[in-house]
Amino acid sequence: KGDTLMDFARLYSLGYNEIVEANPGLDPWVPPVGAVVILPTQWVLPCCSYNGLVVNIPEMRLFFFRRGAEPGTTQVFTYPVGLGRDDWKTPTGTFRVSGKTINPQWNIPESIRKEHIEERGDYRTFIPGGAPDNPLGTRRLELTLPMYRIHGTDIPWGVGMQVSHGCVRLYPEDIERLFPIVPIGTPGSFGYQTIKIGRKDGAIFAEVHED
């Protein structure tokens, strides 16, 4: 009693979209006591470059591929993300990680500042690093793709939703796991695959996400 699907989603590093799609008809905010909840914790890998950071936009999920300990193997880490709203869409494209910052200061772009002034009378030009309402959270990966970053968040329930101004948001605990293992210079891409096909042990799997 009192648990929401978002509580389970965060516990198992799932986004809001994933746990809702896996449990159609179940109220995500007030599920009935005793309900059986499906946790979608297996994924078909996005095609086809198994190297560096890959964000699949319709899936709202990030994959990090790096060389495994054994020759010829690849290690995979994956985390749910929050992405850009319809009016600030996360773009497709390639990039490299150009920098890493702990407790980054957010210098508010003028277009976003204008929105803050109109919506809530907030005239600040920046939010200092470490502030509880800093939308970048405590860790930020800078990218060569102008204006876009991969970072934490001060609003964890936004993971798995279109809530940002285009940047990629991770749960605070997930960005803390990812941050130290991604070297500067790591390649990456923002891709758009609504359908993924994979094979395991002779069986074919299809994974489909809303466009």
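**A tour from a nonpolar patch to a pocket**

Select I195, I197, I204 and V208, which together make a nonpolar surface patch of about 430 Å²; a patch joins residues with over 30% relative accessible area and no salt bridge, here nonpolar side chains (Val, Leu, Ile, Met, Phe, Trp, Tyr) within 5 Å, a salt bridge being a side-chain nitrogen of Lys or Arg within 4 Å of a carboxyl oxygen of Asp or Glu. The model is a predicted one, in which local features need pLDDT of at least 70, side-chain atom pairs count only at pLDDT 80 or more, and totals for chains, interfaces and linings use all residues. Residues are numbered from 1 along each chain as its sequence is written, and side-chain values use heavy atoms, with hydrogens and water left out.

Colour β13 (195-200) and β14 (203-208) next, since each supplies at least two residues of the patch; strands are DSSP runs of E, at least two residues long, and helices are runs of H or I of at least four, numbered from the N terminus. Within β13, pick I197, which is exposed (over 50%; buried is under 20%, partly exposed in between, with a 1.4 Å probe and protein chains only) at a relative accessible area of 58%.

Then turn to the second largest pocket, which holds about 510 Å³ of space. Of its 15 lining residues, Q42, W43, V44, F205 and E207 are the closest to its centre, and α2 (16-22), β13 and β14 each give two or more residues to the lining.

Finally, select S98 in strand β5 (residues 93-102), which is partly exposed, with a relative accessible area of 43%, and show T186, whose C-alpha atom is 8.2 Å from that of S98 although the two are 88 residues apart along the chain.

Note on methods: Patch = residues over 30% accessible without salt bridge, like charges linked within 9 Å, V, L, I, M, F, W, Y side chains within 5 Å. Areas by Shrake-Rupley, 256 points an atom, 1.4 Å probe, with all protein chains shown as cover. 1 Å grid on protein atoms, 1.4 Å probe; cavity = no way out; pocket = protein on both sides within 12 Å on 5 of 7 lines; lining within 4 Å. Points joined across faces, edges and corners; volume = space filled by probe spheres on them.
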